[in-house]
Amino acid sequence: MNAADSAPFAAAQERAARQSQVVQALQRVLPADALLWHSEDTTPYECDGLTAYRQRPLAVCLPQTEAQVQAVLRTCHGLGVPVVARGAGTGLSGGAMPHALGVTLSLARFNRILAVDPVSRTATVQCGVRNLAISEAAAPHGLYYAPDPSSQIACTIGGNIAENSGGVHCLKYGLTVHNVLRVRGFTAEGDEVTFGSEALDAPGYDLLAAVIGSEGMLAVAIEATVRLVPKPQLARCIMASFDSVRKAGDAVAAVIAAGIIPAGLEMMDKPMTAAVEDFVHAGYDLSAEAILLCESDGTPEEVEEEIARMSAVLQDAGATALAVSRDEEERLRFWSGRKNAFPASGRISPDYMCMDSTIPRKRLADILLAIQDMEKKYGLRCANVFHAGDGNLHPLILFDANDADQLRRAEAFGADIMNTSVAMGGAITGEHGVGVEKLASMRVQFTDAELQQMERLKQAFDPQGLLNPGKVIPTPNRCGDLGLMKTLAGGPGLAPRA
Ligand SMILES: Cc1cc2nc3c(=O)[nH]c(=O)nc-3n(C[C@H](O)[C@H](O)[C@H](O)COP(=O)(O)OP(=O)(O)OC[C@H]3O[C@@H](n4cnc5c(N)ncnc54)[C@H](O)[C@@H]3O)c2cc1C
């Protein structure tokens, strides 16, 4: 056997030895049912919603108590082992993808709602609680948690905090960062830390804002206090059809320019409405090139007045048809299509890559037309769904990850969308985070000096670089950390799905 042939064998032996050492150490601090390391048990954890990229961790920890979380972190810190926190694994940028020589720390068992306080309009929850479960617990008090990612039935508040997640209602009610008051958790060393407070403001640097959106790289979140808002008395939704994507894009800008902040303002193009309609039968206009969903909420009088104003603006912008939901059942049916856009895409393609860039609202039509040209350039189909009011795009590039050439073209297509968004004055991510997916594009968005500042912040929290290394910041070190992850950072690539 020559040196090149024996290298993979040596690497596998080295990994097995490391795994044995780490598992033995973790067995001392965790009960047997809280530690997985056999490959058949760790396989379900090898990717998040970005299924094209996979990696098996050395072990998966499923602690049930804070003392166990602390012990896992201390053990890993002592051994210099990377730790990747994981919520529900619905992330779309590879943020929770394991480290090949690291441990995945699942917060799945931290799923208790600790308190709902209708007087202060807050809820305190463990970080493995599902987003929707907070609103369900608050409902008897006439309250709900506003940020509503389409994955809210499954995704956790810990994942939402790490990604600064958004959703349909975030245009009016703000992103996760605007709705979380306090986060308690542990550093990489296992020290307890609290960011923010239940008061309106906290003295000193606003570290809560730094931690929200930090993609599991600064601390592991255990518990959060979130803001609740009163459920509106009434909500109604307009479905508007357009015969061109340019008119639909311009209509979005016109609604906001008219001084209206809808409770939701979403857009879908024709390929997306076709995929969705076949799946959930939401009643979408399949003859339209694009549709807008435009929601108003408040008192009945406010809603009536706003629906009339929005209808007038949409008609002036060239809507070919308007339908206003007549009751709650119909409103939910309109939204059921939008909320199922991603699973609907999964039915028409073996894989999809969901992009997430943002652009100024007035450029919506320009980017849509540019994406149509890219479909021809890369020979791949793309269906579009947008948080249009926020200028947040979700082009879904359809491809087959088993075909290495299609994966390469999908990556290039995605990078082109991100770079074009930045050139139009936007950003590479609106709500799904950087993860591994957008590492290379971070260099398009930021200068070296800016990336180094981010790296310094990371080091201030986690000097050994053990929390989720290889993600978000494309320093040579961090890309090297993952070994396999160099395509996305600008070098040779991750293995496509086998
Ligand atoms: C069908 C579908 C629809 C979606 N729609 C939306 C949408 O509308 N808006 C939106 O913003 N996103 C959306 N997403 C993306 C995803 O659901 C969100 O990013 C969500 O916040 C991830 O939560 P999770 O619990 O699944 O986190 P995971 O995927 O498990 O992890 C995401 C990141 O958070 C970190 N993390 C998780 N828990 C913790 C913790 N306790 N402490 C520290 N770090 C942690 C992980 O390390 C990782 O970096 C969608 C995804 C899918 C599959």
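In this predicted model, asparagine 164 is buried, because its relative accessible area of 17% falls under the 20% below which a residue counts as buried. Asparagine 164 sits in the loop between helix 5 (157-163) and helix 6 (170-173), and its phi is positive, at about 50°, although it is not a glycine. Most residues other than glycine have a negative phi.

A positive phi in a residue other than glycine is found also at arginine 121, where the value is near 55°. Arginine 121 belongs to the loop between strand 5 (113-117) and strand 6 (122-126), and with a relative accessible area of 41% it is partly exposed. A further loop residue, threonine 187, is placed between strand 8 (180-186) and strand 9 (192-196). Threonine 187 counts as buried because its relative accessibility is 11%, and, when its neighbours within four places in sequence are left aside, threonine 187 is in contact with Leu73 and Val193.

Helix 11 (residues 300-316) was examined next. The 17 residues of helix 11 should span 24 Å at 1.5 Å a residue, and this agrees with its end C-alpha atoms, which are 24 Å apart. The buried residues of helix 11 are Val303, Glu306, Ile307, Met310, Ser311, Val313 and Leu314. Viewed down the axis of helix 11, these buried residues fall within an arc of 165°, and they therefore line one face of the helix. Among the elements that cover the buried residues of helix 11 are strand 12 (234-242), helix 9 (245-257), strand 14 (290-298) and strand 15 (321-324). The exposed residues Glu301, Glu304 and Asp316, by contrast, are carried on the face of helix 11 that is turned away from its buried side. Just after helix 11, glycine 318 adopts a positive phi of about 100°.

A contact between two other helices was also considered. The axes of helix 10 (residues 270-280) and helix 13 (residues 341-348) come within 8 Å of each other and cross at roughly 90°. Because angles of 65 to 115 degrees count as roughly perpendicular, helix 10 and helix 13 are described as roughly perpendicular to each other. On the side of helix 10, the contact involves Met272, Ala275, Val276, Asp278 and Phe279, which meet Ala341, Pro343, Ala344, Ser345, Arg347 and Ile348 in helix 13. The residues of this contact between helix 10 and helix 13 divide into eight nonpolar, one polar and two charged.

Terms used
Residues are numbered from 1 along each chain as its sequence is written. This is a predicted model: local features need pLDDT of at least 70, side-chain atom pairs count only at pLDDT 80 or more; totals for chains, interfaces and linings use all residues. Side-chain values use heavy atoms; hydrogens and water are left out. Axes are lines fitted to C-alpha atoms, for helices over the stretch in contact, and angles run from 0 to 180 degrees between N-to-C directions. Helices (H or I, at least four residues) and strands (E, at least two) are DSSP runs, numbered from the N terminus. Angles under 35 degrees count as roughly parallel, over 145 as roughly antiparallel, 65 to 115 as roughly perpendicular and the rest as oblique. Contact means heavy atoms within 4.5 Å. Ala, Val, Leu, Ile, Met, Phe, Trp, Tyr, Cys and Pro count as nonpolar, Asp, Glu, Lys and Arg as charged, and the others, Gly among them, as polar. The expected span of a helix is 1.5 Å times one less than its number of residues. Buried means under 20% relative accessible area, exposed over 50%, partly exposed in between (1.4 Å probe, protein chains only). The arc is that of the directions from the helix axis to the C-beta atoms.
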